[in-house]
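Hi everyone, thanks for coming.

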Amino acid sequence: MFSSALRCARAPLLRPTLLRQTQSRLASTLAVLEAKEGKLNVASLAAITAGTKLGGSITAFVAGSSGKTIAEEAGKAQGIEKVIYVDNAAYDKGLAENWAPLLVENIKKGGYTHVLTGHSAFGKNLMPRVAALLDVQQISDITAIESEDTFVRPIYAGNAILTVQSTDSTKVITVRGTAFPAPAIEGGSATVEEGTDPKTESPTEWLSEDLAKSDRPDLGSASKVVSGGRGLKSKDEFDRLMPPLADALGAAIGASRAAVDSGFADNSLQVGQTGKNVAPQLYLCAGISGAIQHLAGMKDSKVIAAINKDADAPIFQVADVGLVGDLFEKVPELTEKLKQ
Amino acid sequence: MSSLRILVPVKRVIDYAVKPRVNRAQTAVETANVKHSMNPFDELSIEEAVRLREKKTTPVEEIVAFSAGPAKAQDILRTAMAMGADRGIHVVVEEKDALEPLGVAKLLRKVVDEQKSNLVILGKQSIDDDAGQTGGMLAGLLNWPQATQASKVTIEGENVTVIREVDGGVETLKTKLPMIITTDLRLNEPRYASLPNIMKAKKKKLEKKTLGDYGLDSEVRLKTLKVTEPPTRKAGVKVDDVDGMISKLKELGAL
């Protein structure tokens with residue numbers, strides 16, 4: 001009698017602290033990394049950076065042919081305790097049909113509280129399928145972590161910032177790479193362990209790919225980006241003016257939707273709500289008016305510079321440095337002067 | 001040869017050209033008296049379904065447009081029917097009970113079963129919550145193949161080839177029906193509904209249903225704590241010439 005009354009009286013007092021302790025002790029994150037042709041995709045390490053903001057242990061996950069080699073490379077990244085790998089060429093192409101069961105099995109086995117991956121083509125394709133199989137409401141493209149269950153993400157093309165609290169026991173999340181810079185891949189000493197492989201057959205077959213080849217820095221992670229829009233008028237002009245400017249700055253090349261739709265530039269260069277999100281040190285754009293869908297993809301850039309002949313173009317409302325003028329004169333002049 | 005029974009889910013969202021405003025209480029984006037339209041990616045889905053019918057490589061038995069949303073979502077369904085969908089299903093869900101992508105995917109799984117659909121074409125994301133999840137979740141729940149961010153779709157019999165947009169370029173996948181496709185911007189150019197077709201669409205069948213009809217309720221996993229305006233950028237300067245631009249960029253440490 002007495003002891004049970006005591007238990008009743010003490011329980012409400014004890015529970016909150018106990019719960020908090022248990023939660024943080026149990027917080028364990030699985031950071032799903034990407035690899036291509038046996039090489040780790042460094043940009044995907046953003047998932048690890050995000051994981052470190054959660055506290056608790058971080059396990060990285062890789063799969064594909066030469067999975068073990070990739071795991072050993074990933075193991076050097078700072079902040080992780082363990083890398084789980086699955087060595088199977090069936091996972092080389094990132095197909096959601098066999099990756100999702102693979103992840104679900106390893107997530108269940110490891111009992112992770114958080115599963116993170118980059119909001120890249122790979123993550124966007126795969127994670128919703130994983131979330132549904134786990135019966136979890138995924139949180140996409142987060143830009144900040146407030147606590148173990150509270151996350152910040154842009155909505156409405158970045159015109160509003162949403163803070164949400166998840167009630168799911170496992171949080172399935174994709175992270176915006178530009179908001180969580182990748183950690184250094186040196187000095188870490190994670191243990192490497194083989195994961196389980198359910199070997200689910202994929203009904204989908206990967207046939208081929210056609211990737212735009214470029215020696216320039218990767219658009220998503222470049223420190224400088226030069227971007228062209230409809231104002232360039234043609235593919236010939238785009239090719240004549242933008243690459244020399246990019247080379248003079250050591251920058252990646254981006255484009256607005258209008259430029260991509262008109263065939264001036266490849267689809268994969270599109271910056272905006274439905275294209276790439278970039279947040280470089282310098283975003284220099286020419287002939288881009290600044291529609292909200294475009295601003296969504298670049299307005300977190302450190303410094304924005306714009307050249308446009310229309311002094312009322314919305315791009316000037318976000319540009320730190322604006323030059324009103326004819327880009328066909330100003331861009332070559334800028335390129336020449338930057339080379340000196 | 002098999003025929004296609006296509007389901008096209010569409011969403012009513014704030015028009016893409018409107019700059020959304022956060023409400024004063026910081027609980028949501030202001031939606032009252034704001035122009036709404038069909039989510040732009042969903043227009044591409046309807047267009048693709050209609051083009052599949054027009055191409056005639058695989059016969060299209062039926063194109064059903066679907067929406068879960070407030071009463072006004074039926075306007076969006078009428079637009080879909082004016083573009084070529086044969087009929088519509090509207091699950092009435094009040095704005096305050098709005099479903100999350102997982103909820104929509106669970107609902108769509110039931111609709112797919114009910115309608116015996118073998119192809120679902122969805123937009124790759126809706127431009128309001130920018131989640132980009134519903135298609136992938138539905139594929140997972142049904143255990144069907146998926147081709148997300150499609151920019152070209154070819155269907156011959158049961159065989160489907162899809163070119164999809166990935167980081168750095170495109171890739172080509174081959175799979176079989178039944179399957180899920182989500183549309184990317186470059187897939188097609190949606191047609192405008194002509195006036196006669198708008199008039200005809202008014203006579204097409206539009207079924208009204210509730211979540212309860214499908215044995216579901218609106219279950220929410222994510223709690224909105226607040227919605228805020230993004231930080232505003234400090235006003236910049238206009239320079240007179242290229243030299244001015246270079247020196248200003250140096251001053252800001254960007255060069």
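Residues are numbered from 1 along each chain as its sequence is written, chains are lettered from A and ligands numbered from 1 in the order in which they are written, and side-chain values use heavy atoms, with hydrogens and water left out.

So, confidence. pLDDT is the predictor's confidence in each residue, on a scale from 0 to 100. Chain A averages 92, and 92% of the residues score at least 70. Residues 1-24 of chain A, though, sit below 50, and that stretch has two contacts beyond near neighbours in sequence (contact means heavy atoms within 4.5 Å). Where pLDDT is low, the predicted coordinates should not be read in detail.

On to salt bridges. Side chains of opposite charge can pair when their charged atoms come close. Here the rule is a side-chain nitrogen of Lys or Arg within 4 Å of a carboxyl oxygen of Asp or Glu. How many salt bridges does that give over all chains? The count is 35.

Take A:Lys82 and A:Glu193, whose closest N and O atoms are 3.7 Å apart. A:Lys82 is in strand β5 of chain A and A:Glu193 in strand β12 of chain A, so the pair ties together parts that are 111 residues apart in sequence. Helices (H or I, at least four residues) and strands (E, at least two) are DSSP runs, by the way, numbered from the N terminus.

Next, find A:Arg176 and A:Asp141, with closest N and O atoms 2.9 Å apart. A:Arg176 is in the loop between β11 and β12 of chain A and A:Asp141 in strand β7 of chain A, so this pair ties together parts 35 residues apart in sequence. Are these two buried or exposed? A:Arg176 is buried at 9% relative accessibility, and A:Asp141 is buried at 8%. Buried means under 20% relative accessible area, exposed over 50%, and partly exposed in between (1.4 Å probe, protein chains only).

In chain B, B:Arg191 pairs with B:Glu47, the closest N and O atoms being 2.8 Å apart. B:Arg191 is in the loop between β10 and α5, B:Glu47 is in helix α1, and they are 144 residues apart. B:Arg191 is partly exposed at 31%, while B:Glu47 is buried at 2%.

Now the helices. In helix α4 of chain B, eight of the nine residues are buried, so it is largely enclosed by the rest of the structure. What do those buried residues pack against? They pack against α5 of chain A, together with α3, β6, β7 and β10 of chain B. After α4(B) comes B:Asn143, whose phi is positive, near 55 degrees.

Helix α2 of chain B has buried residues including B:Ile76, B:Leu77 and B:Ala80. The helix is followed by B:Gly84, with a positive phi near 140 degrees.

Last stop, the surface. B:Leu195, B:Ile198 and B:Met199 make a nonpolar patch of about 290 Å². Patches are built from residues with over 30% relative accessible area and no salt bridge, joining like charges within 9 Å and nonpolar side chains (Val, Leu, Ile, Met, Phe, Trp, Tyr) within 5 Å; the areas come from the Shrake-Rupley method with a 1.4 Å probe, and for residues only the protein chains shown count as cover. B:Ile198 lies in helix α5 of chain B and is partly exposed at 35%.

Conventions. Predicted model: local features only at pLDDT ≥ 70, side-chain atom pairs only at ≥ 80, totals over all residues.
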